[in-house]
Structures are given as C-alpha cells and as structure tokens.
Amino acid sequence: MTRRSILGARNRGIPEATVARLPVYLRALHTLAERDVVTVSSEELAAAAGVNSAKLRKDLSHLGSYGTRGVGYEVQYLVYQISRELGLTQDWSVAIIGLGNLGRALAGYGGFASRGFRMAALLDADPTIVGERINGLTVEHIDKLERVITDCGISIAVLAVPAPAAQAVCDRVVASGVTSILNFAPVVLTVPDGVDVRKVDLSIELQILAFHEQRKAGGPAGVEQEYLEAVDGQ
C-alpha cells in the first residue's frame with residue numbers, strides 16, 4: 001500500500017487492522033468475480049477471506065458499505081470501493097531492485113498489472129545480469145538508480161537484494177523521493193518518518209508454520225516426549 005492511500009485511510013478514521021484486511025477481501029472478491037458471482041453474503045465473503053462475518057461487516061462499514069439485507073454485497077461495486085480505498089484505481093510504477101531468483105520471479109509475475117501495479121524498472125549490480133530483457137524490461141545497473149527512479153516516476157520500490165546491501169539501497173531509494181518500499185531482504189530497515197516499509201520475510205512465515213505443526217504434534221512437551229522415547233529406544 002502506498003503512503004498516500006495509507007494516509008487517506010487514517011484521515012477517514014479507518015483502523016490499521018482494517019486496512020491490512022482490505023487486500024484479503026479484495027483477493028476473495030476477485031475470485032468471486034472470476035466465477036461470475038454477482039452478489040455475496042457477509043458470511044460467504046468472510047469464509048472466503050478467513051475472518052468472522054461480524055469483523056468483515058465492521059471493516060466494510062468504514063468504507064460506507066453495509067450491503068443489502070437478504071441480498072448481501074454487490075461483488076463488482078465492492079471491488080471498486082476497496083480498490084479506490086487502497087489507491088488501486090490508478091496505476092503505480094514499481095521498480096524491482098535485485099534480480100536474483102526472487103527478483104526474477106517477481107518481475108515475471110503477471111498479476112501485478114491487473115491490480116494496478118506497473119513494473120517500470122529492473123535494477124541489479126551484477127554486470128552479467130545488466131542488459132538482460134526480463135518480461136519486456138531491460139535490467140539497468142544499480143549505479144543508475146536515482147536517474148531511473150526519476151525518469152520512470154517510480155512510486156514503489158521492491159527490494160530483493162542481499163541483506164548486507166539492503167540498508168544502503170534503501171537509503172538511496174528514499175533519497176530519490178520514493179516513500180513506499182516492499183522489503184524482501186531479511187533485515188529491518190531504518191527509514192525516516194513519512195516512509196512506509198512493508199517487510200516480507202519468508203523464513204519467518206515458515207517458522208510460524210513450524211510452530212503450528214509442532215502444536216499439532218502435541219506442543220513442545222509432546223516433542224520432548226517423542227525425543228525421550230527415541231533416546232530410550234536406542
């Protein structure tokens with residue numbers, strides 16, 4: 001989400017937790033729209049989004065959308081309402097910095113354009129990668145970062161660089177006027193006030209899943225018991 005859309009939501013008194021759930025509702029609505037569903041009840045939409053219906057109705061009420069009793073919500077109109085709130089009714093130019101395996105996968109993903117995000121620039125420091133064409137874009141050298149950001153009107157920077165380089169690249173991005181950053185590097189970035197950073201750490205997500213798997217197996221105590229039994233059996 002961009003700084004402008006976040007600030008707009010704050011100015012209208014929309015809670016941060018609600019803002020964080022709006023993209024989840026939008027994804028569920030897009031799936032319904034693809035199935036030619038015209039209207040959806042709060043219970044059905046809540047189930048598709050993985051929340052309870054009371055929370056969903058309260059979230060959507062912040063947008064001024066209350067649905068129709070006995071009918072539910074009109075899917076296409078709700079898509080428009082949420083998209084407008086998130087700032088997705090206009091195109092946002094995105095730069096991906098770091099074209100390793102992850103960066104390449106992001107650059108090749110076709111779903112961004114349909115959600116209002118236009119891949120406008122690709123940058124990397126590796127001279128063997130610079131000059132490559134990926135999904136219709138030529139990879140530029142990181143030395144041209146500031147010029148590329150200005151020339152392409154970049155609104156959002158995606159950092160897929162190694163952790164040791166992330167802060168320095170972030171500093172250059174911010175100095176170039178970008179105030180919205182999506183960070184895939186496994187490091188916490190320090191940014192000035194007014195700059196929004198969203199961090200995606202796949203290893204943390206895997207650790208959370210491991211926690212839940214452990215609990216399904218009986219929790220830490222259960223794991224310890226399994227270990228003791230295995231030792232006794234040796």
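The model is a predicted one. The protein is built from 10 helices and 9 strands. Out of its 234 residues, 38% count as buried.

On to the helix pair. Two packed helices are described by the angle between their axes and the distance between the axes. For helix α2 (residues 16-34) and helix α4 (residues 53-61), the axes come within 10 Å and the crossing angle is roughly 105°. That falls in the 65 to 115 degree range, so α2 and α4 are roughly perpendicular to each other. On the α2 side, the contact is made by T18, R21 and Y25, which meet K55, L56, D59 and L60 of α4. Sorted by class, this contact holds 3 nonpolar, 1 polar and 3 charged residues.

Helix α9 (residues 202-216) gives a simple geometry check. With 15 residues at 1.5 Å a residue, α9 should span 21 Å, and its end C-alpha atoms do sit 21 Å apart, so the two values agree. After α9 comes G218, with a positive phi near 110°.

That leaves the cysteines. A disulfide is a covalent bond between the sulfur atoms of two cysteines. Searching the whole structure turns up 0 disulfides. C170 has a relative accessible area of 0%, so C170 is buried. C152, on the other hand, comes out at 27% relative accessibility and therefore counts as partly exposed.

Notes
Residues numbered from 1 in each chain as written. Predicted model: local features only at pLDDT ≥ 70, side-chain atom pairs only at ≥ 80, totals over all residues. Heavy atoms only, no water. Helix = DSSP H or I, 4+ residues; strand = E, 2+ residues; numbered from the N terminus. Expected span 1.5 Å × (residues − 1). Disulfide = S-S within 2.5 Å. Buried < 20%, exposed > 50% of the residue type's maximum accessible area, 1.4 Å probe, protein only. Axes fitted to C-alpha atoms, helices over the stretch in contact; angles between N-to-C directions. Parallel < 35°, antiparallel > 145°, perpendicular 65-115°, else oblique. Contact = heavy atoms within 4.5 Å. Nonpolar A, V, L, I, M, F, W, Y, C, P; charged D, E, K, R; others polar.
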